[in-house]
Amino acid sequence: DLVSLSLGAYFAEVLEAVSQEGVPQGELLSLLLNALYALDHLQKPPGMVKAAFELRLMCLTGYEPLVDACAACGLSVPEAPRFHLNAGVLHCAGCRGEVSDGGISLPLAPGTLSALRHIVCGNPKRLFSFQLDEAGLAQLGAVAEAFLLTQLERGFHTLDYYKRLSSPP
């Protein structure tokens, strides 16, 4: 399965970018192995595994986003929730100006917000135990990928290859 293989290569390239040589990274290795298991044995959708991997990886490497409430007003269920990529915070659409002076902020549907919170705050052993419809999964994937690329300030060749393979002709 070339799509799964290219996604696995992307996971490896990202891990190489965030790992330090000679430093044990047990949690990162566990995340990688669980993601590969979810792709192969659990037959989870590649987009779901990719989004969960990216967000959980960011949490493990010190870039954990704050998704429990609006970063500006404190509402636990933000009005028209959005996720700010540079700041890594959740906020209400009306509170955007109080969160940051610039950068991109992406909208979140209620189901996408729930999945985002599950990945960031939930039990790592149940990382892939959420469900989203196709639109929600696409939105979660876009947010997760954009957050990772924004925080790491780089792109990945294997991600480009995965996208070419997985996108419809």
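Rings of Phe, Tyr and Trp (its six-membered ring) count as a pair if their centres lie within 6.5 Å; planes under 30 degrees apart are called stacked, over 60 edge-to-face, and the rest tilted. The structure holds four aromatic pairs by this rule. This is a predicted model, in which local features need pLDDT of at least 70 and side-chain atom pairs count only at pLDDT 80 or more, while totals for chains, interfaces and linings use all residues. Residues are numbered from 1 along each chain as its sequence is written, and side-chain values use heavy atoms, with hydrogens and water left out.

**View 1. The aromatic pair Tyr10 and Phe156 is edge-to-face.** The ring centres are 5.9 Å apart, with 75° between the planes. Tyr10 belongs to helix α1 (residues 2-18), and Phe156 to the loop between α6 (134-152) and α7 (157-166). The pair links distant parts of the chain, 146 residues apart. Helices (H or I, at least four residues) and strands (E, at least two) are DSSP runs, numbered from the N terminus. Tyr10 counts as buried because its relative accessibility is 0%; Phe156, at 3%, also counts as buried. Buried means under 20% relative accessible area, exposed over 50%, and partly exposed in between (1.4 Å probe, protein chains only).

**View 2. The aromatic pair Phe11 and Phe53 is stacked.** Its centre-to-centre distance is 4.0 Å and the angle between the planes is 25°. Phe11 lies in helix α1 and Phe53 in helix α3 (residues 46-60), so the pair ties together parts that are 42 residues apart in sequence. Phe11 is buried, with 0% relative accessible area, and Phe53 is buried at 0% relative accessibility. Tyr10, Phe11, Phe53 and Phe156 form one aromatic cluster.

**View 3. Val49 is a residue of helix α3.** Val49 counts as buried because its relative accessibility is 0%. Leaving out residues up to four places away in sequence, Val49 touches Phe11, Ala35, Ala38, Leu39, Lys44 and Phe128. Contact means heavy atoms within 4.5 Å. Phe11, one of these neighbours, is also a member of the aromatic cluster.

**View 4. Glu145 is a residue of helix α6.** Glu145 is buried, with a relative accessible area of 12%. Residues up to four places away in sequence not counted, Glu145 touches Lys50, Glu54, Leu159 and Lys163.

**View 5. The whole chain, for orientation, has seven helices and three strands.** The elements run α-α-α-β-β-α-β-α-α-α from the N terminus on. A compact globule of 169 residues would have a radius of gyration near 15 Å, and the chain agrees with its 16 Å. That radius is taken over C-alpha atoms, and the globule rule is 2.2 Å times the number of residues to the power 0.38. The C-alpha trace spans about 45 × 40 × 30 Å along its principal axes. Of the 169 residues, 42% count as buried. Among contacts between residues at least 6 apart in sequence, 59% join residues at least 24 apart.
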